[in-house]
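Here is my note on the model you sent.

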Amino acid sequence: MDSNKQQYSVLLRYIHWGTVLLLVAVYASIEMRVFFDKGTDLRNAFKAWHFMLGLSVFALVWLRLMLRFNQRYPAVHPALPTWQKGLSYATHVLLYVLMIGMPFSGWLILSGEAKAIPFGLPALIAENKDLAHELEEWHELAGQAGYYLIGLHVLAVVYHQFIRKDNLFKRMWLRKV
């Protein structure tokens, strides 16, 4: 932590907000598919976008982690109570698990279903439709949990910005403060 630094690096801030946009698109693409009949070109397109966008999150999160752990980060002013630090840490760990685990499980599902994997990536496992189906159930459950986790993150930001009135949001905002 760096008590003099006011914001994360420009690159890290852009990666954060790019990830936000990708996650919105990932969720929107899979939710939009239900408006189209199974087997239609539009439904298949939404699923394909979901796969590509999800794997894009997977790639971006590794860059984000590399940058995050190789830079000093700005302190929150005023300092957070211990319980908020702990909750923040746990929420962020779970968000990273979501951003890594969901695309990875999607890659495993496509592999097990012997379907084409975006970006020419190789299959991770041999064809196994039963395993793919089991993984898909877990993937969907984790996706639903992701809504709550992301919601918690957004509520925390709102709390810090408008109730606690600290610098938490400003540290990640795109504009220089």
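1. Is His 77 buried, partly exposed or exposed? The model is a predicted one, and in it the relative accessibility of His 77 is 40%, so this residue counts as partly exposed. His 77 sits in the loop that runs between α2 (41-69) and α3 (82-112).

2. The peptide bond from His 77 to Pro 78 is cis, with omega at about -5°. Pro 78 belongs to the loop between α2 and α3. Most peptide bonds are trans, and most residues other than glycine have a negative phi.

3. Ala 114 is not a glycine, yet its phi is positive, near 60°; Ala 114 is placed in the loop between α3 and α4. Lys 165 is not a glycine either and has a positive phi of about 55°. Lys 165 comes after α4, in the loop between α4 and α5. With a relative accessibility of 62%, above the 50% cut-off, Lys 165 counts as exposed. As for distance, 37 residues of sequence separate His 77 from Ala 114, and their C-alpha atoms are 51 Å apart.

4. On the overall fold: the protein chain has five helices and zero strands, giving the pattern α-α-α-α-α along the sequence. Its C-alpha atoms fill a box of roughly 55 × 30 × 30 Å along the principal axes. The chain has 177 residues, of which 35% count as buried. Among contacts with a separation of 6 or more, 73% are between residues 24 or more positions apart.

5. How far apart are the ends of α2? Its end C-alpha atoms are 42 Å apart, which agrees with the 42 Å that 29 residues should span at 1.5 Å a residue. The buried residues of α2 include Phe 46, His 50, Gly 54, Val 57, Phe 58, Val 61, Arg 64 and Leu 65. Their cover includes α1 (10-32), α3 and α4. In an α-helix there are 3.6 residues a turn, so residues three or four places apart point the same way.

6. The helix α4 (residues 129-164) has 36 residues and should span 52 Å at 1.5 Å a residue; the distance between its end C-alpha atoms is 50 Å, which agrees. Buried positions in α4 include Ala 132, Leu 135, His 139, Gly 143 and Gly 146, and also Leu 149, His 160 and Arg 164. The elements covering the buried residues of α4 include α1, α2, α3 and α5 (168-172).

7. Which residues have the most contacts inside the largest nonpolar core? They are Val 57, Tyr 96 and Met 99, in a core of 14 residues. The elements α1, α2 and α3 each give two or more residues to this core. A second, separate core has five residues, among them Leu 55, Trp 107, Leu 110 and Ile 117. Beyond its neighbours within four places in sequence, Met 99 is in contact with Thr 19, Leu 23, Val 57, Phe 58 and Val 61.

8. There are three salt bridges in the count. Glu 113 pairs with Lys 115 at 3.4 Å, N to O. Glu 113 is buried, because its relative accessible area of 18% is under 20%, whereas Lys 115 counts as partly exposed at 41%. Glu 127 pairs with Lys 129, with the closest N and O atoms 3.7 Å apart; at 54% relative accessibility, Glu 127 counts as exposed. Arg 164 pairs with Asp 166 at 2.6 Å, N to O, and both Arg 164 and Asp 166 are buried.

9. A nonpolar patch on the surface is formed by Val 154, Val 158, Tyr 159, Phe 162 and Ile 163. Together these residues have about 490 Å² of accessible area. Val 158 is part of helix α4, and its relative accessibility of 39% makes Val 158 count as partly exposed.

Note on methods. Residues numbered from 1 in each chain as written. Predicted model: local features only at pLDDT ≥ 70, side-chain atom pairs only at ≥ 80, totals over all residues. Heavy atoms only, no water. Helix = DSSP H or I, 4+ residues; strand = E, 2+ residues; numbered from the N terminus. Buried < 20%, exposed > 50% of the residue type's maximum accessible area, 1.4 Å probe, protein only. Patch = residues over 30% accessible without salt bridge, like charges linked within 9 Å, V, L, I, M, F, W, Y side chains within 5 Å. Areas by Shrake-Rupley, 256 points an atom, 1.4 Å probe, with all protein chains shown as cover. Salt bridge = Lys/Arg side-chain N within 4 Å of Asp/Glu carboxyl O. Expected span 1.5 Å × (residues − 1). Contact = heavy atoms within 4.5 Å. Core = buried A, V, L, I, M, F, W, Y, C linked by side-chain atoms within 4.5 Å.
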